[in-house]
Amino acid sequence: MMLKGKVAVVTGAASGIGLAIALKFISEGAYVVLVDMDAKALDEATRNVKAGTFLALECNVTQPEEVENVLIQTLSRFGSIDILVNNAGIASVGTVENTSFDDFNKVMTVNVSGVFHFLKYAIPHLITSKGVILNMASIASKLGLSERFAYSASKGAVLSMTYSVAKDYVSHGVRCNCLCPARIYTPFVEGYLDKNYPDAKQEIFDTLSQYQPIGRMGKPEEVADAALFFCSDKSGFVTGNAFDFDGGVTNIR
Ligand code: NAD
């Protein structure tokens, strides 16, 4: 029970990494507010979760008023906010030349402005609770990824926002870190394979796996274990950290 009685807000919680984090936190005694724009997926994801341990709220992170409303509802239901996990994010494929203005703006609005909105509205409450923030960055934040121009730019911003907030609020007792995962096997990856490589799924799956020196993709539950450490008192001495959760990609590839 590493998070007993803590109140956590997790964005992008209807699927993949965000859902794994939300379920892990609930199993560790937290009250979790699962935030996602996909109401149907949110409903399905929480169907078997014990009532009273969570709140599922539909919200598009790009809309500041919706974000503010999530935090108002969180406070009204659970009384405080101790943990914020900014996880909602989208990807896009392309070099700088073939990234459209629309694609660039969309990725930046979700991945960067979405994080900004939650930080902006949650920080006053996190100061009160001496809380903690975990942002979902990526190996793209530090390395840049081929043919992921907009995504790399957006995750670079998530890394910088992490450092900036960690500096500005360390004296207020608020910690802020980010995780930089390599490929994690989520529904997003499954959908990508189905859509782009229906006849070569296994081959591409193997290629994606071998990209990590450890020889496989990560699992959402493994990311959730790391998130638990960074959002619990076990990491009380850690802030302004960008943790390479990457099967060795960043440092030994
Ligand atoms: P996913 O697609 O399985 O889940 C993302 C969730 O975010 C979805 O439920 C989606 O509905 C929600 N979402 C998207 N846009 C939203 C918006 N505007 N408002 C509210 N909710 C929104 O993705 P995932 O693979 O679990 O990725 C989660 C995070 O981890 C993302 O930020 C992603 O960039 C990052 N990440 C993923 C990987 C990976 O390989 N899967 C690697 C590194 C980083």
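Reader: Which residues line the largest cavity?
Author: This is a predicted model. A search of the whole structure finds 1 cavity of 30 Å³ or more. A residue counts as lining if it has an atom within 4 Å of a grid point. The residues that line the largest cavity are T11, V61, N86, N87, A88, V110, G114, V115 and F118.

Reader: What volume does the largest cavity have?
Author: The search used a cut-off of 30 Å³ or more, and it finds 1 cavity. The volume of the largest cavity is about 40 Å³.

Reader: Which element gives the most to the lining of the largest cavity?
Author: V110, G114, V115 and F118 are among the lining residues. The element that spans 101-129 is α4. With 4 residues, the element that gives the most to this lining is α4.

Reader: How many charged residues are in the lining of the largest cavity?
Author: The lining includes T11, N86 and F118. By class, 5 lining residues are nonpolar and 4 are polar. The number of charged residues is none.

Reader: Where does the ligand sit among the pockets, and what volume is there?
Author: The ligand takes up the space of the largest pocket. Nearest the centre of this pocket lie G89, I90, A91, Y151 and F188, out of 48 lining residues.

Reader: Which element gives the most to the lining of the largest pocket?
Author: Elements that each supply at least two residues include α1, β2 (31-36), α4, α6 and α8 (201-210). Another on that list is α7 (187-196). With 4 residues, the one that gives the most is α7.

Reader: Which polar side-chain atom lies 2.6 Å from an oxygen atom of the ligand?
Author: A polar contact needs N or O atoms within 3.5 Å. Backbone atoms take part: one of I17 is 2.8 Å from a ligand oxygen, and one of V61 is 3.0 Å from a ligand nitrogen. The side-chain atom at 2.6 Å belongs to D36.

Reader: Which elements give two or more residues to the shell around the ligand?
Author: The shell holds 26 residues, and the closest are S15, D36, N87, Y151 and I184. By class, 15 are nonpolar, 7 polar and 4 charged. The elements that give two or more residues are α1 (16-27) and α6 (149-169).

Reader: Which residues line the second largest pocket?
Author: About 160 Å³ of space lies in this pocket. Its lining has 4 nonpolar, 2 polar and 1 charged residues. The lining residues are V93, P187, F188, G191, Y192, K195 and N196.

Note on methods: Residues numbered from 1 in each chain as written. Predicted model: local features only at pLDDT ≥ 70, side-chain atom pairs only at ≥ 80, totals over all residues. Heavy atoms only, no water. Near = heavy atom within 4 Å. Polar contact = N/O pair within 3.5 Å; in protein donor to acceptor, adjacent residues only side chain to side chain. 1 Å grid on protein atoms, 1.4 Å probe; cavity = no way out; pocket = protein on both sides within 12 Å on 5 of 7 lines; lining within 4 Å. Sits in = over half its atoms within 2 Å of the grid points. Nonpolar A, V, L, I, M, F, W, Y, C, P; charged D, E, K, R; others polar. Points joined across faces, edges and corners; volume = space filled by probe spheres on them.
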